[in-house]
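Hello,

Here is the structure I promised to pass on to you. Have a look at it first, and then read my notes below.

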Amino acid sequence: MHSVQVEAPAHMEKPHALALAIWIIRLAAKLWLGIREWCGDSAYERYVQAQRTNSEKVSLLTPAEFYVDRLNRRYSRPNRCC
Amino acid sequence: MVIWIVVALVGAGALGGIAFHRGEPLNATWFVVAAACCYLVAYRFYSAFIAARLLTLDDTRATPSERHDDGRDFVPTNKWILFGHHFAAIAGPGPLVGPTLAAQFGYLPGTLWLIAGAVFAGCVQDFIILFCSIRRDGKTLGEIAREEVSQRGGFIAQLAVLAIMVILLGVVALVIVNALKSSPWATFTLAATIPIALLLGLYLRFLRPGRVLEASFIGVALVLFVVVAGQWVADSPSWAHVFTLSGVTLAFALIAYGFAASALPVWLLLAPRDYLSAFIKAGAIFSLAAGILLVRPQVLMPPLTRFIDGSGPVFAGKIFPFCFITIACGAISGFHSLISSGTTPKMILRESHARFIGYGAMLMESFVGVMAMIAACAMTPGVYFAINSPASIVGATSDAAAATISSWGYPLQAQTMTDLARAVGEQTLLNRAGGAPSLAVGMAQIFSSTIGGPRLLSIWYHFAIMFEALFILTVLDAGTRVGRFMVQELGGRVWKPFARTGWWPGILISSALIVGAWGYFLYQGVVDPLGGINSLWPLFGISNQLLAAVALVVATTILLKMKRIRWIWLTLIPMTWLVIITMTASYQKIFDPNPRLGFLSYAKALAAQITAGKIPAVKIADTQRVIFNQRLDAAVTAVLAAMIIVLIIEALMQWYRILSADRKSVLHETAYLATRWPENFSGASYTVTAAEPDVPAMEG
């Protein structure tokens, strides 16, 4: 997303058009990251980061192990409401 | 400040318009504007007041996600994303079904309670319980109640959770049954989501572990395809026959499904269905909001109907207390206190985010309730009553229903119901109590006014039914599984091996127990001649509001211990109100002499009919079962009422101790720890290292 080049429409001043395009792309990227995090798509990356930053642990769960472990935890307490 | 005065004035004007308007139908825009302005003002001022004066939120204090950050349960999460998580967790079928049913009183009482109840009770409960749990390392409501109120208080909270779970699952299953019975299109669509979920489960487990987003895209596309494919099934006589099921068959199918979802590995069926449901739920709610804003439908229901006197066909009972009991989740839901003391406090980044997430998400849920109210009231009142009334009251045919409902003063042609059923691709829309079909008709009418016109009405109707049924199933399977763990935990107190979550006999027995419990309520609802919603939805409302009262008792106790005596009415008034409505509703449901309202008088009336020989011999056994069920419901209601009385006595004793000068009360908060995160830390990346300087500690 950082290397995307956007051509400004002819009727707009270039700096404004570029700034707008960059703003839109950044917003879209933020939204995408937000959705990934909301639905759990980036949970494994988060886990790896957390383990590396906060503990000395060297053995990490594999993506498949982490996925099953996360689901088992999540669905053993109320997480869906009326 | 000027802007806020304008917002407040516009909101007051719109509310006044809704309340005092008579004559011509009102436009739905009035409802949206009134609700939005009230929410904005409440959020800006009331929640800020609670945050600053009542709770004194402290952003220098490390939250559980910082103290225990493990990347699994405790994950520091951006406030917007956590808002999304929290909202997805609290928003269930309740705010859709409750307002739809309460529309039988007219649009006014339900709308006012949805807004006022959320602002002064529901949001306050969610916010304060979230705060209490954050200050206690993410402890659950039961644990907090045990520590802060009493051992017995904690036990009652746990029992209340189990009771509400069983009744909730029974009643939401009944809503699905009433939506799917004799509907091959809807039944096929929902049945097809099971193999789709299994497919996604295998994909996410073995093929691309944890790639939730791409799997969900595939799944949503497949689900949308089966919504359309359902029409082909309904049009093919041989296939339509296979998927045309009676209420009882559907009930047993759901019971079997619930058992499987509870006992099978969670990654195989439960979780992938939940992913599908989350995306479709978010999409459908946004589409409904957009549809209402674009179409701006007329609200055809009068502000008040004649049924405020308690004679309503959808459910019996006067406006007080049954409007409040029926709306339940859209205004205040006890169940939310489990989410606010469950996952959310373990992921919150800063204490101040609790205001946006706790108070704000509940405002949004209330807004969903207002939209459901608009969708229900945008259809002709006659049609609304024809869909939601049981056959024993309005008759089983279009002609009978049209005659009865017209005689109430809500004109309805028999042909209208036949045409509407054909237009949405159903054989009949009569006697489908439960809220889901009438909401689907309302949503389909709004959607088809935006895209597709009348031609797509049937597709939109079945999309709406699928959306409701899909996320009710998610509540059903996730709830059954959590219920299973609760049963295993309780059983483990008697015999230790039972509590082992990996022990197969324990899993099977506890799954069977929990499924059997809600399955019994479901079955009794399906065979109830008055339509099970009449008995079961109030029972669910009572148990839900009871749990909310429990949460507010806990909150009030904690505030007293925090010496916030001056502002104690912020939780004390909603708590008192909930106790009054649950006790009144419980008393009426048990003892009212009207057989449609009182469980015992209904049982007595049926027994008298048997004695008088008015029941044919072949139906005597069935009638005796109905009599037993009514007595059982009366007993369950009495136990729920007794629980809240015991808890209130426990709490009053505790409050007396706290307020009497000679005794020092102990607040069980975790000790103050200063955050090490910089001020702009948003949870997006882990940039904090041990080398960073501490933020100066404040007095805790």
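Let me begin with one residue, A585(B), which is found in helix α26 (residues 569-591) of chain B. Helices (H or I, at least four residues) and strands (E, at least two) are DSSP runs, numbered from the N terminus. Before going on, please note that this is a predicted model, in which local features need pLDDT of at least 70 and side-chain atom pairs count only at pLDDT 80 or more, while totals for chains, interfaces and linings use all residues. Residues are numbered from 1 along each chain as its sequence is written, and chains are lettered from A and ligands numbered from 1 in the order in which they are written.

Is A585(B) buried or exposed? A585(B) counts as buried because it has 25 C-beta neighbours inside 10 Å. (A residue is buried if 20 or more other C-beta atoms lie within 10 Å of its own, exposed if 12 or fewer, and partly exposed in between; C-beta atoms are placed from the backbone.) Leaving aside neighbours within four places in sequence, A585(B) is in contact with P321(B), F322(B), I325(B), P538(B) and I542(B). Here, contact means that the C-beta atoms of two residues, placed from the backbone, lie within 7 Å.

One of those partners has a feature of its own. P321(B) sits in helix α14 (residues 319-327) of chain B, and the peptide bond from F320(B) to P321(B) is cis, with omega near 5°. Most residues other than glycine have a negative phi, and most peptide bonds are trans.

Two residues in chain B have a positive phi without being glycine. T56(B) has a phi of about 40° and lies in the loop between α2 and α3 (64-67) of chain B. With 11 C-beta neighbours inside 10 Å, T56(B) counts as exposed. N431(B) has a phi of about 50° and belongs to the loop between α21 (414-423) and α22 (436-450) of chain B. N431(B) is buried, with 21 other C-beta atoms within 10 Å.

Helix α2 (residues 28-54) of chain B has 27 residues and reaches 36 Å from its first C-alpha to its last, close to the 39 Å expected at 1.5 Å a residue. (The expected span is 1.5 Å times one less than the number of residues.) α2(B) also bends by about 35° at Y43(B), where the bend is the angle between axes fitted to the seven residues ending there and the seven starting there.

Which residues touch the most other members of the largest nonpolar core? They are I176(B), I374(B) and V550(B), in a core of 245 residues. Helix α23 (residues 457-494) of chain B gives the most to this core, with 20 residues. A nonpolar core is a set of buried Ala, Val, Leu, Ile, Met, Phe, Trp, Tyr and Cys residues joined through C-beta atoms within 7 Å.

Chain A has 3 helices and 0 strands. The contact between the chains takes 34 residues from chain A and 47 residues from chain B. On the chain A side, α1 (14-39), α2 (43-54) and α3 (63-74) each supply at least two residues.

Finally, confidence: pLDDT is the predictor's confidence in each residue, from 0 to 100. Chain A averages 81 and chain B averages 91. Over residues 685-700 of chain B, however, the pLDDT is below 50. The complex gets an ipTM of 0.82 and a pTM of 0.91 from the predictor.

Enjoy exploring!
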